Amino acid sequence: MKLQRKNRLRATALGALAVSGALVLTACGSDDNTGGATGTGEKTTAASNVDCGKAKGQLRASGSSAQKNAMDLWVKNYMAACSGVEINYNSSSSGEGIVAFNQGTVGFAGSDSALKPEEVADSKKMCKTGQGINLPMVGGPVAIGYHLEGVDKLTLDAPTLAKIFDTKIKKWNDPAIAKLNEGVKLPDKAIQAFHRSEDSGTTQNLGKYLGAAAPDDWKYEAEKKWPAPGGQAASNSSGVAAQVKQVDGAIGYFELSYAKSQSIPTVDINTGGATPVQATSENASKAIAAAKIKGTGKDLALDLDYTTKAEGAYPLVLVTYEVVCDSGNKPETLDTVKSFLSYAASDDGQKILTDAGYAPIPAEINAKVRETIGSLS
């Protein structure tokens, strides 16, 4: 028990250092030195325009681990600007976050996929006078990370990825992989494919991409639960990334921020365009910019094009939503929810996403997000 406690404390400390490092990078990239004061008397540019409003007390939220690194930054900056307010975000999974929201135990939930009709129906019991809606807040690439000794550059396409994650391709020197990587010495090594063990919006987004871009090779429905046989499971994006980092021959999927923070190489995707596309925030933004709002009323769920061949557009993207009630939010946390989410959707809140490996929400869509947040009741 003492050893477990020691490890947990060490992990917490490392996480804090990682966030601090990201904040330093953000501050160094800014010419605005008029930031708000923190508890230590230091300045933070990202928190300079936070409107704390009537926010007070503790706000609990949970859900998507995909947005954890973004949420860590937002929470740190927001709490530095708004004394007396405590934001606790439990990075569990999209599925668990929606369950917690519909049970009324959190003020908002994070989800990497929009609410299903049955989840909206369940939300009406908690929202009382309204229903749950989706507010797109974080964008970014789902990186395909790999660990293959001696190979520092790797290209795959959707059909090949589908066969790898469906355990139809079992060796790294398979002819299908070799054809996409001419001149690369691929080892005769077994592929160790890792996937999420719990319901995950990241899994669902990977399924949507494979189903759209490789329909002949990926026959599964795009669900939050991993559908294919075989492979190895790990908990949360952090767990999958940790396994890929440790195991030679491994491949897995997680948000780019996890690949960047652990120096895990990522696959370039051959979309059929002129050149393979790297997993970067900028390339993900090019794909997300083409998204259309498919939600109705205050719901801002997006329709993403996973089959894009636009030059430089990385097709395997996700958008994480914050799920709230359009009306009927809990009065004791409503002011804090509106204040915190307003900061996350602000120019300052979105600017810090790129350095953390995420992609800001396109300005036209984000303007509607801000308007909707202001109208929550």
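Q: Leaving aside neighbours within four places in sequence, which residues is Leu154 in contact with?
A: This is a predicted model, in which local features need pLDDT of at least 70 and side-chain atom pairs count only at pLDDT 80 or more, while totals for chains, interfaces and linings use all residues. Residues are numbered from 1 along each chain as its sequence is written, and side-chain values use heavy atoms, with hydrogens and water left out. Contact means heavy atoms within 4.5 Å. On that basis the partners of Leu154 are Tyr146, Trp172, Ile177, Asn181, Leu186, Thr266, Val267 and Asp268.

Q: Which residues touch the most other members of the largest nonpolar core?
A: A nonpolar core is a set of buried Ala, Val, Leu, Ile, Met, Phe, Trp, Tyr and Cys residues joined through side-chain atoms within 4.5 Å. Buried means under 20% relative accessible area, exposed over 50%, and partly exposed in between (1.4 Å probe, protein chains only). Of the 63 residues in this core, those touching the most other members are Ile144, Leu154, Phe165, Ile177 and Ile251.

Q: Which helix gives the largest share of this core?
A: Helices (H or I, at least four residues) and strands (E, at least two) are DSSP runs, numbered from the N terminus. The largest share is five residues, and it comes from helix 5 (residues 158-165).

Q: Is Gln192 buried, partly exposed or exposed?
A: Gln192 lies in strand 8 (residues 192-196). Because its relative accessibility is 26%, Gln192 counts as partly exposed.

Q: What is the length of the polar contact between the side chains of Gln192 and Gln232?
A: A polar contact is a pair of N or O atoms within 3.5 Å; within protein, one must be able to donate a hydrogen and the other to accept it, and residues adjacent in sequence count only if both atoms are side-chain atoms. Gln232 is among the residues in contact with Gln192. Their side chains are joined at 2.5 Å.

Q: What is the volume of the largest cavity?
A: On a 1 Å grid over the protein atoms alone, a cavity is a set of points where a 1.4 Å probe fits but cannot get out; lining residues have an atom within 4 Å of a point. Grid points are joined across faces, edges and corners, and a volume is the space filled by probe spheres set on the points. The search finds two cavities of 30 Å³ or more, and the largest has about 60 Å³.

Q: Which helix gives the most to the lining of the largest cavity?
A: The lining includes Phe101, Met126, Thr333, Leu334 and Val337. Three of the lining residues come from the top contributor, helix 11 (residues 331-345).

Definitions and conventions. On a 1 Å grid over the protein atoms alone, a cavity is a set of points where a 1.4 Å probe fits but cannot get out, and a pocket is an open set with protein on both sides within 12 Å along at least five of seven lines; lining residues have an atom within 4 Å of a point.
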